[in-house]
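Subject: Structure for your review

Dear colleague,

Please find below the structure that I am handing over to you.

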Amino acid sequence: MIWSKQEVLPREEMQKLQLSRLKETVKRVYENVPPYRAKMDEVGLKPEDIKSLDDLKKLPFTTKQDMRDNYPFGLFAVSKDKLLRIHASSGTTGKPTVVGYTKNDMDMWTECVSRIACMGGATEKDVAQICFGYGMFTGALGLHYGLENIGATIVPSSTGNSEKQIMYMKDFETSLLVATPSYALRLAEVAREMGIDPKKDLKVKIGLVGSELLTDAMRAEMHKYWGDDMLVTSNYGMSELVGPGVSGECEYLDGMHINEDFFLPEIINPETGEVLPEGEKGELVITCIKKEGIPLIRYRTKDITRLNYAPCKCGRTTVRMDNLSGRSDDMLKIRGVNVFPSQIEEVIFSVEELGPHYEIIVEREGYADKLTVRVELNVATDSFTELENISKKVKNKLRIILGLDAKIKLESPNTLQRFEGKAKRVKDLRSL
Amino acid sequence: MVVKQLSVFIENRQGRLGEVLDVLKNNNVNILSISLADTTEYGILRLIVNNPELGKDTLLKEGFSALLSDVVIIKITHETGSLQKFLKIISDADISIEYMYGLSVEGASASIVLKTSDTIKATTVLTENGIDTLSGEDISKL
């Protein structure tokens, strides 16, 4: 089902709408947000200079650092009493990034998530279990209101206590699961330990996964444990922009539809900042064109993707972004080679004898970087030859894909850490 | 007779062997023979126990990678050349030995656990030559 008529607008009408919203937003931030005004004055740009969508590229970028520098409310375009809600990122490094929502922002957010939930197959008949952590993190509450708006029954189970999660799923006949892909796999593992086969004994047929990359290999792994008939879609967002609701996959699984009447996307070369033509891969930059609380202008997401403006088979005309191929700040540079953890994940998932959990360790030995990948055995064997062959298989595949030699550490099942929120699978010990 | 051997994968990490033994102890699985082969990264612990099925199931439940495989256990006397005699029978039958270790039994004889390329054939050849092999039942009574 297509939730909103904005999702099927002809390109011209969409652009008209975007331009009027962009002009309005730029004018508002220039008048109300001193740091933006200063940045625009610095390059001699006035709101009236934005005459076409092409003029977007004249505007200065906004980065996470700008949010930290203006902590907590310096980038807000409204006074605090207009806010209904405040969220913040975890802030593992330095101050958290703070965002706020006005009444209109809350409605817009709910609308965006409702669209994405519908793309992922949700209907009013669904029982939706939300296994994202509730709290300052935007994921849980975003999905919560969006799904409720559709009319689905919400089970706000949050994260943790996985056995109880499985009990709810069984007893409430949960049909839709919201989780990170890695926690969804963990839940399947716990269910099996409890003697419950998620494929047969549970009714979960829709997976709305987010907050982590969903690679093809991870999707295949989801099907393996939750059943081939599960529709697993990924959706994208970040708290700075709104939370979940920026984009999501439809049933054709051919890229994530961006709610571009609210989030105007561009792709840039992350090194030079230059805007790249359609179809080229680069860093995603988003301008929030209908946000009141904290309307970010040309926000650098650090996520690497590309845009596709071709209309989709589902009928939506909104621009699609590829499933992310990594974050520019997740990228590891090992012996001069660019490595995305998702590339390593893909290799691990392709080896049948290994489970889906892994850990990547990068160390410095003398002057050389050393890459170690810890993996869990999914099989039992009495043969050293077989164990060596498994290691060799992973090593060879990694060498082909990365051009690097890695050390493979086989571990018993259930040895590596499991995650309920975003998985932290990389340990870079070089900077310590 | 074919006997079930319990094999467990263990990482070379301090205390890991103890964890396996704890699980077996807590489930009243008695160890009759033990062999630990290792590489720089990990080892395979091979055990002859009184209740291999229970041993495997409890280890799997505790998150270990464990399985049962078929071995032959022969009884030999404490005499020079007795082992050599048996091995000749096996190699003459074109069966290769993957690994072997001793099983301690009190008295005048000793037992050897053999993992061969063909367990059924090895058992048959040994029986044809009038050599007794221990059964699972014999083991559980030890």
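The notes below treat the two chains in turn.

This is a predicted model, in which local features need pLDDT of at least 70 and side-chain atom pairs count only at pLDDT 80 or more, while totals for chains, interfaces and linings use all residues. Residues are numbered from 1 along each chain as its sequence is written, and chains are lettered from A and ligands numbered from 1 in the order in which they are written.

Chain A as a whole

Chain A contains 11 helices and 20 strands; helices (H or I, at least four residues) and strands (E, at least two) are DSSP runs, numbered from the N terminus. Its radius of gyration is 22 Å, close to the 22 Å given by the globule rule for 432 residues, so chain A is as compact as a globular protein of that length. That radius is taken over C-alpha atoms, and the rule is 2.2 Å times the number of residues to the power 0.38. Along the principal axes, the C-alpha atoms of chain A fill a box of roughly 75 × 55 × 40 Å.

Of the 432 residues of chain A, 47% count as buried. A residue is buried if 20 or more other C-beta atoms lie within 10 Å of its own, exposed if 12 or fewer, and partly exposed in between, with C-beta atoms placed from the backbone. Among contacts in chain A between residues at least 6 apart in sequence, 68% join residues at least 24 apart; a contact requires C-beta atoms, placed from the backbone, within 7 Å.

The contact takes 16 residues from domain 1 and 12 residues from domain 2 of chain A. On the side of domain 1 that touches domain 2, helix 7 and helix 9 of chain A each supply at least two residues.

Helix 9 (residues 216-226) of chain A has as its buried residues Met218(A), Arg219(A), Glu221(A), Met222(A) and Trp226(A). Seen down the axis of helix 9 of chain A, these buried residues fall within an arc of 160 degrees, so they line one face of the helix; the arc is that of the directions from the helix axis to the C-beta atoms. They pack against several elements of chain A, including helix 7 (181-193), helix 10 (341-350) and strand 17 (354-365). Gly227(A), whose phi is positive, near 110 degrees, follows helix 9 of chain A.

An open sheet of 4 strands in chain A has the order 19-18-17-20, with mixed pairing; two strands pair if DSSP finds at least two bridges between them. Strand 19 (407-411) and strand 20 (426-428) of chain A stand at the edges, each with a single partner strand, so one side of each has no neighbour in the sheet. Strand 17 and strand 20 of chain A run parallel and are joined by 3 bridges, and Ile361(A) has Lys427(A) in strand 20 as its bridge partner.

Val285(A) lies in strand 11 (residues 282-288) of chain A. This valine, Val285(A), counts as buried because it has 25 C-beta neighbours inside 10 Å. Leaving aside residues up to four places away in sequence, Val285(A) touches residues among them Phe61(A), Glu266(A) and Tyr299(A).

Chain B

Chain B has 5 helices and 6 strands, and its pattern along the sequence is β-α-β-β-α-β-α-β-β-α-α. Buried residues make up 30% of its 142 residues. The C-alpha trace of chain B spans about 45 × 35 × 25 Å along its principal axes.

An open sheet of 6 strands in chain B has the order 2-3-1-4-6-5, with antiparallel pairing. Strand 2 (31-38) and strand 5 (97-103) of chain B stand at the edges with a single partner strand each, so one side of each is left without a neighbour in the sheet. Strand 1 (residues 2-11) and strand 3 (residues 42-49) of chain B pair in the antiparallel sense over 6 bridges, and Leu6(B) stands opposite Leu47(B) in strand 3 of chain B.

Yours sincerely

How values were computed:
Contact = placed C-beta atoms within 7 Å.
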